[in-house]
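I opened the notebook to look up a few local features, one at a time. Here is what I jotted down.

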Amino acid sequence: MAAHLSYGRVNLNILREAARKELREFLDKCAGSKAIVWDEYLTGPFGLIAQYSLLKEHEVEKMFTLKSGRLPSAEVKNIIFFVRPRLELMDIIAENVFREDKLHSSRDFHILFVPRRSLLCEQRLKEQGVLGSFINIDEYILDLIPYDGDLLSMEYESAFRECYLENDQTSLYHTAKGLMTLQALYGTIPQIYGKGECARHVANMMLRMKREFAGSQNQILPVFDTLLLLDRNVDLLTPLATQLTYEGLIDEIYGISNGYVKLPPEKFAQKKQGEASKDLPTEPKKLQLNSAEELYAEIRDKNFNAVGAALSKKAKIISAAFEERHNAKTVGEIKQFVSQLPHMQAARSSLANHTSIAELIKDITTSEAFFDNLTVEQEFMTGVDTDKVNIYIEDSIAQKDPLIKILRLVCMQSVCNNGLKQKVLDYYKREILQTYGYEHILTLNNLEKVGLLKPQTSSRNNYPTIRKTLKLWMEDANEQNPNDISYVYSGYAPLSIRLTQVLARPGWRSIEEVLKMLPGPHFEERQQLPAGLHKKRQQGENRTTLVFFLGGVTYAEIAALRFLSQMEDSGMEYIIATTKLINGTTWIKSLMDRPESQTP
Amino acid sequence: MAFITANWNPLGEAFYRKTELYEMCWTLRDGLRDSLVAAAPYGGPIGRNIITPPVAVLSVSVTCLSVFQWKSGPVVQLGWTVSDELLCVQEDGSVLIYDLFGSFKRHFSMGQEVVQSQVLEAKVFHSPYGTGIAIVTGSSRFTLATNIDDLKLRRLPEVPGLQGKPSCWVVLTQDRQTKVLLSNGPELYILDNTSCTAVCPPGLSPQAGSIVHMSVSFSYKYLALFTDTGHLWTGASLYLQDKLSEVDTKKTTTPKQMVWCRRPKSQQPSVVLMWDRLLMVTGDPCVLVGELDGVRIISSVYQELLQEVPLVCQDIFKIASMAPGALLLEAHREYEKSSQKADEYLREIKEQSMLGEAVRQCVEAASHEYDTSTQKSLLRAASFGKCFLTDFNPDVFVSTCRELRVLNAVRESSVGMPLTHTQFKQMTLQVLIDRLVYRQFYQLAIEICHYLKIPDYQGVSRVLKHWASCKQKDLSDESIARAVCVKVGDSPGVSYSHIAAKAYECGRTELAIKLLDFEARAGEQVPLLLKMKRSQLALSKAVESGDTDLVYTVVTYLKNEMNRGDFFMTLRNQPVALSLYRQFCKLQEQDTLKDLYNQDDDHHELANYYVTASYREKRLDTRLSLLQSAVDEYNKAKNEFAAKATEDEMRLLRFQRKLDDEKGAGLLGLSLQATMEALLALGLHKQAEQLYRDFRVPDKRYWWLKLKSLAEKEEWEELEKFSRSKKSPIGYLAFIEVCMKCNNKYEAKKYVSKVTPEQKVKAHLAISDLEGAADAAIERRNDSEMGAVLSRCTTQDGSGPVKPKRPHSVAQKECNKK
C-alpha cells in the first residue's frame, strides 16, 4: 500500500510506520468501540498515514466531522476527538460534550491533539468546565508526513502567512521538532546550510534541542549528509510563475490535495463505451497521484510538451505487450503471459487515465488566454518592460478575470522589478480596489507586508543581476530532453533550485554577492557526530541532501530537484521536505483577507 | 558440587529445586500471623502491616529499612508499585503511598461511594500501563484503576446475583484490557468495562463443585481454579478456552494461597503450589510471591526460591548425563587435575562436533545458578572449551560474565535483591538501576553503570539526578548548590528542573532558581518558574525555547496576574510574545487588539483593524464612522494611498445608498466596477458616467465596460454611436470580438475596417472571413500571420505550442502599443 515510500534512496516508510505504530497505540488505549470526530482539516493528512481499514481494525466504527451542536448518536463506547490545538475548536468540543451529557452518560471522551498538545487549549477546556470529562488527553506528533518516496510535507497550510505576515513562529517550532524526529530515525545530519530568517530560526532551535537532549544521541549511521533550509521569501518569484510540468499543471488547473486530484468526470466516462453511456457520472473523478503508479512516476516531472510523446510511446509498448499473446505457443509461454496480465491491465488503465488528463490539460494550454498569460509572465521574468503598467494586466482587470490571477501577475512584476514605481503600484492598486471591491485593501496590505508587492525604494533594480549570475533564464530550454532545470518553466530556472544546485557545486562562496541581495542571512552549521559514525563513502556513492522549504514548495521545483538527482554527474540525491505543497493560487489565497460583509 | 542435584525434586517430566536465598533476621513475635504481608516481584522489597500493635515494617530481604507507627485506619491490602513504593489500601477506599523508607508520599481515593460501603477486598496488580488497584466494595461493585500514576477510576458493571464479596477473584490483563474474573458459588464471570459475561471453563467436571480459589500466572497467560471438592483445573486464561489439566487433590480445605510456579517457555504443564501443602513442608506460616520463573517463599526464618530447574542445568547436572555441556564440565575438571582424561572427553565432544554447543550450555547454565562457585566452575569450563574453537563469538560469554557479576553484587544480603538471570533480563538493566536508586544505593548503581558502560544519559546522569534531589533534604543551601554542581556538573541529560522542583517542594525557592539555571530544556523550566511566581523570567525562557504554546501559556498566566498596563509593557519587551498575543486577540478579543495597537502607536494596523471592523457592522452610519477612523489612522501612518482609497470607499457607499433610496437599485456593497455595470444595465447612463468621472476610472476600463454592457443589452445602435464618440482607447478588434460573442456577425463586420493594420488578419479571422484574412496577410507579408491563416484553413482546432515564440510575442506587444 505504501511500498512506493521505500523505493527511494531514503526509506521514508520507516517514518510512516513509526507514525502508524503510534496511532495504533493510542487507539488501543481507549478500549472498546470508538467513534472519531475529525477536525476536517486533518482527514487529508491522516489519509497519507492510515487508511480506514487500520482504524477499523482497532474498533473505530463511526467517523464524524467536528461541528458545533450535538454529536450524532452512535452506539460506541468511546468518542475520540482528533483535532489541531486551536482555541476555536476547543469551544466546539466543549459544546459537543455539554450537549452530550444530558442524553447519554456512558460514552467516554478522549482528545488527540495533532501535532502537539497545547496547554493553552487544555486551559480553555478547563475554563469551559469540560476538561474533567476526558479520559485521555494525548498528542499525536505528526510533523512531517511522508508524501512520496522522496517527499515529506507537514501539510501546514498557513505556515507562510504565519511566519512572514503574523510573526507567529509556531510552524517553525514544529518544523524543528519534526527534523529532530527525522534525525532520531535517520541519524544526525552533520551539515546544515540555510538562507533566510526563518531558516536561521529553525537551525537555532534544532541546535538548542540537540543540547537539550545532549547525551541521548542515537547511534544511527547518518542517512542524510546535508540539510538545506530555505525560506520561501528568498525566492518569491518561483511560485508566482505558472508551472509547466505535467504534475505542476495538474496542480495549477485542478489542484492536488493530499496526493489526490479531483477531475471533471466527462472525459473518463467515455472510456466504458460498451455499457451504459446514458448515466454520465456527475461526481468528480478522484485519482491518487504518486510514484506507486509506474507511468505517472515516469511522466509527472516532464515538461507538458514532452508528455504526449511519452504517452504514445507507452501506448505502443503496451499494445505490443498485448500482441505477445499471439506469439505464445507453448503452455509455459501462455502461462507466463497470463501471469503478466494483471500488471499489463493496470498499466493500460493508467495509460487511459493519463491520456484523458493530458487531453483536459491540453485544451487549456492551447487556449489563447493561457498563451497570453504565459507570454506576460515570461516577459517579466526576462525583464521586458517591468517598470511600467502592463497592458495585458490592465485588460485582464477590465475583463474582470479572477482576482488571484491579477494578483499573481502584479506581484510577479513587482518581484522582477525589485518593487514597482509608486505611480505604477498605486495605479494597479486603485484598479484592483475599484474593480474587485475596496475590501481587498487588506489583502493588498498583506502582500506589501510580505514583500510580494512593494514600492521601489532604491533606484537600482538588482533582479537582472540575480538573473544573470544564477542563470535564471535559459534562452533555449530543451523541453523534450532537458539538460537544465529551466525546462520546468520552459525557460525560467527556479531561483530556489539554482541556490540548491550551486550549493552542491561549486558552493555558495562563489555567489556571495547574490546571496547578499536576497533577504535574510545565509549560514552554515555543523553537528558533531558521535565517534564511529563518520561515513566512509564509497567511490561513486552519491551524497544525500534534505532540502527543506519553509513556507511551501511547488511541484515544478520538486521536479527540478528530481531532475538534479537523476543527472549522472551531479553526485547528489535530494529528498524534499516542506511545510506545504503550494502553487501560486493557493499561496496567494492563503495571504488574502476577506472580511465578511454584513451589509446585505 | 557433587550434591548439586540433591535438592532437586522430580514432578512429571521436570525437576524442581529450592534455593535458599537469605536467612531472615526480622524479629517476629508471632511469626507472620496477624499481619498483612506484601512483597514485590522481581526480588522486590517486603512490606508488613501488623494489626496489633499497629506498626508497618518495610524490609528488603534481610535488612529492615524502616519501622513506623501505623496511625491511619485499618488496611485491607498492601502492595508495591513498579517504582518500589508501598501502597496501603484502607477500608474507606483511600490509598496511601509510602516510599521505601517509610515516609509518606501522597494519597488518593478509590471513589466517594466507597467511603460508605467500605472496601471488602482489594488487589494490586501490574500491567503494561503501570501499577493498578482493583477493589470490591460492600455493595458488591468492582472499581478499577489501571494506573495509579494517571488515576482514572472505572466502575465495572454489576454482577448479577452477587451479595457481599465473591468467593474468589483475580485481575487479568489481556488484549490490552483489564478484566476481573470472579466466582460466585458455582458461577464464573468475566467482568470488563462494559459487560459481565458468565463463562464456563471447558472440561471442568460438573461434580467439581464451586470455585473457591483461583490464581493467574505471572504473565496473565494461565489460570488455575480450585474447587471446594478439591479439584484443580488449569488452563489458558484467555477466554478460558484451552484446558491444560485437571487434578483431584483430594483435599477439600481451601488453600490459603495458590501461586503459579512456571519457567518461561517451559514445556511442562505448569504447576500450582498451595498453601496447605507447603505448610506441610515448612510447618510454619509463610507467604508466597509469584515470580516470573518461580515462587519466592518468605517465612519467618528463611527466604527461598522454588523454581523449575532450567533445562540446560538439568542437561548438565543430571546424573550420568551425556550432554555436551556435561562432558565439557567433566573434561575441565580432569584438566585441572592434570589428567589425560580431559583429552578423551574433549575428543568425544569434538567428534560429535558439539563443542560450540557445549560452551553455550555451560555459559547458559552458569547464568541460572545462584551459587557463585558453581557459576565459576561452569564459566571456567566454558572458557576452557572456547580455546579449542576457532570462530566462536565471545559476546555471549563476556556479557554473561558481566551480568553475573552485577547480579551477584545485588544479591548480596546487604543489598538484598534476589534476582534470577531470567528476571533480570525481563526487567532490564535500566529498571535495576532505578530500583537501586530508590533504595539509595547510589554508589553501587554508579559503579554498575560504569562497569557495564551504559551511556551517561541512561545511567550515571539518572543516578546523579536522584542523588541530588535526595541530597537537598538534609543540607544547607550553599553546600547543596556546591555539592550538586561538583557532582553533577554538566553530565549530559541530567534534569536540573527535576532537582529544582524537589528543592522548591522543600521550600527552598532561591536554591530552586539557582538550580534551574543549569537546566537546558526551557520546556522544563517554565512551569516551575511560573509556580515560583518568576513570571518575567518564565516568559523570556519560553520565548527562548521557540515553543509557542509555552509562550501562550505564560502570556495567559501573566494576563491574569498583572494589571493591564504592566502586562502590555511586559509584552512590549518581548516582540515574539507580543505578536503571538496579537494573534490570540485577533481570534478571541478584538477589543484588546485595538488597545494593543493604540499603545504601540501602530497606526497602520489600527487602520486595518477599523476597516475589518467596518465590514462586521450592519448599519451604514457606524460603518462609515469606522471607515472615517480608518482614514484618520491611515493619514497618521502617512499612507496616503490607503487613506484616499478608504475615502473613495466611503464616497461610493454614500452614493450607493443614495441611489438605493431613490431608485431601489440594490447597489450597496458592490464594487465600483460592479456598480457601474449595474447602473448601465438599469439604463442609468448618466449616473454611471458620473462615477466614471468622479472616481477617475481609466478610459480603457470604462470603454470595455460600456462596450460589453451595450452588447449584452443588444443596443447595437447605441454601440455604434459609442464607437464613434471618440477614438477607441481599446482598439476596434475588441468590438468585433464582443459582437461575435453575442453571435452578431453583422454588427461585427462594421468594425473590421476600423482596426489597425496589425490586427487586420485577426479581425478577419474573428469573423471567419478566411479570404479577407489571407488577403490582409499577403498584403502585410507576414509569415507567422500567414501560418495562422493556413492553420485555420486546414483544421478547425488550432493547437499552438505551449511555449510562446519570441518574435510573435514582441509583435503582439507592438500591436497593443498602437
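**Entry 1: a threonine in chain B.** I started with Thr173(B), which I call buried because its relative accessible area is 11%, below the 20% cut-off. The model is a predicted one, so I kept that in mind throughout. Next I looked up where Thr173(B) sits, and found it in strand β15 of chain B, residues 168-174. What does Thr173(B) touch, not counting residues up to four places away in sequence? My list reads Phe125(B), His126(B), Ser127(B), Pro128(B), Thr178(B) and Tyr220(B).

**Entry 2: a helix in chain B.** I moved on to α24 of chain B, residues 672-681, and found it mostly covered, with seven of its ten residues buried. I noted the buried ones: Leu672(B), Gln673(B), Ala674(B), Thr675(B), Met676(B), Leu679(B) and Leu680(B). Which helices do the buried residues of α24(B) pack against? In chain B I wrote down α23 (640-663), α25 (685-694) and α26 (699-712). The packing also takes in two helices of chain A, α16 (391-398) and α18 (422-436). After α24(B) comes Gly683(B), and I noted its positive phi, near 80°.

**Entry 3: cavities.** I searched the whole structure and got four cavities of 30 Å³ or more. The largest cavity holds about 70 Å³ of space. I counted 13 residues in its lining, and those nearest the centre are Glu157(A), Lys580(A), Ile582(A), Trp587(A) and Ser590(A). Which helices each supply at least two residues of this lining? They are α6 (159-165) and α24 (584-591) of chain A. Of the lining of the largest cavity, α24(A) gives the largest share, three residues. I also sorted the lining by class and got six nonpolar, five polar and two charged residues.

**Entry 4: a sheet in chain A.** Last, I looked up an open sheet of three strands, in the order β10-β11-β12 of chain A, with antiparallel pairing. Its edge strands are β10 (256-257) and β12 (285-288) of chain A, each of which pairs on one side only. How many bridges join β11(A) and β12(A)? I found four, with β11 (residues 260-263) running antiparallel to β12(A). For a reference point in this pairing, I marked Leu263(A), which stands opposite Lys285(A) in β12(A). As a reminder to myself, strands of a sheet pair through backbone hydrogen bonds, either parallel or antiparallel.

Definitions and conventions:
Residues are numbered from 1 along each chain as its sequence is written. Chains are lettered from A and ligands numbered from 1 in the order in which they are written. This is a predicted model: local features need pLDDT of at least 70, side-chain atom pairs count only at pLDDT 80 or more; totals for chains, interfaces and linings use all residues. Side-chain values use heavy atoms; hydrogens and water are left out. Two strands pair if DSSP finds at least two bridges between them. On a 1 Å grid over the protein atoms alone, a cavity is a set of points where a 1.4 Å probe fits but cannot get out, and a pocket is an open set with protein on both sides within 12 Å along at least five of seven lines; lining residues have an atom within 4 Å of a point. Grid points are joined across faces, edges and corners, and a volume is the space filled by probe spheres set on the points. Ala, Val, Leu, Ile, Met, Phe, Trp, Tyr, Cys and Pro count as nonpolar, Asp, Glu, Lys and Arg as charged, and the others, Gly among them, as polar. Buried means under 20% relative accessible area, exposed over 50%, partly exposed in between (1.4 Å probe, protein chains only). Contact means heavy atoms within 4.5 Å.
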